[in-house]
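This report is meant for someone meeting the structure for the first time.

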Amino acid sequence: MATVLKVEKMHCQSCAKRVTNAIMGVAPLSKIDIDVDARRVTIDGVDNLSEITKALEDAGYPAQNAA
C-alpha cells in the first residue's frame with residue numbers, strides 16, 4: 001500500500017533530492033515517487049510513517065498525510 005504525503009515546502013528538484021535523501025535515510029528499501037508541482041511524495045514500502053515524517057521535519061520539509 002502506498003502512502004502519499006503533502007510536502008508544502010518542496011518547490012524544486014533540489015528540494016526533491018533532499019526529501020528523497022531524508023526518506024532513504026530511514027526507509028532505504030522504499031520506492032519513492034515525487035511530484036514537485038503537486039508537492040506530493042508517494043512512498044511504497046513504508047514500515048514506520050512516523051520515522052519518515054520526523055526525518056522530513058528534521059530536514060526542513062514538514063509533511064502531512066495527503067489522503
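The radius of gyration is taken over C-alpha atoms, and the globule rule is 2.2 Å times the number of residues to the power 0.38. For 67 residues a compact globule would have a radius near 11 Å, and the protein, with 10 Å, agrees with this. This is a predicted model, in which local features need pLDDT of at least 70 and side-chain atom pairs count only at pLDDT 80 or more, while totals for chains, interfaces and linings use all residues. Residues are numbered from 1 along each chain as its sequence is written, and side-chain values use heavy atoms, with hydrogens and water left out.

Along the sequence the protein follows the pattern β-α-β-β-α-β, where helices (H or I, at least four residues) and strands (E, at least two) are DSSP runs numbered from the N terminus.

The two helices that pack together are described below, with axes as lines fitted to C-alpha atoms over the stretch in contact, angles running from 0 to 180 degrees between N-to-C directions, and contact meaning heavy atoms within 4.5 Å.

| Helix | Residues | Residues in contact |
|---|---|---|
| H1 | 13-26 | Val19, Ala22, Ile23 and Val26 |
| H2 | 49-58 | Glu51, Ile52, Ala55 and Leu56 |

H1 and H2 pack at an angle of about 140°, with their axes 9 Å apart.

Arg39 lies in the loop between strand S2 (31-35) and strand S3 (40-44), and its phi is near 55°, a positive value in a residue other than glycine. Most residues other than glycine have a negative phi.
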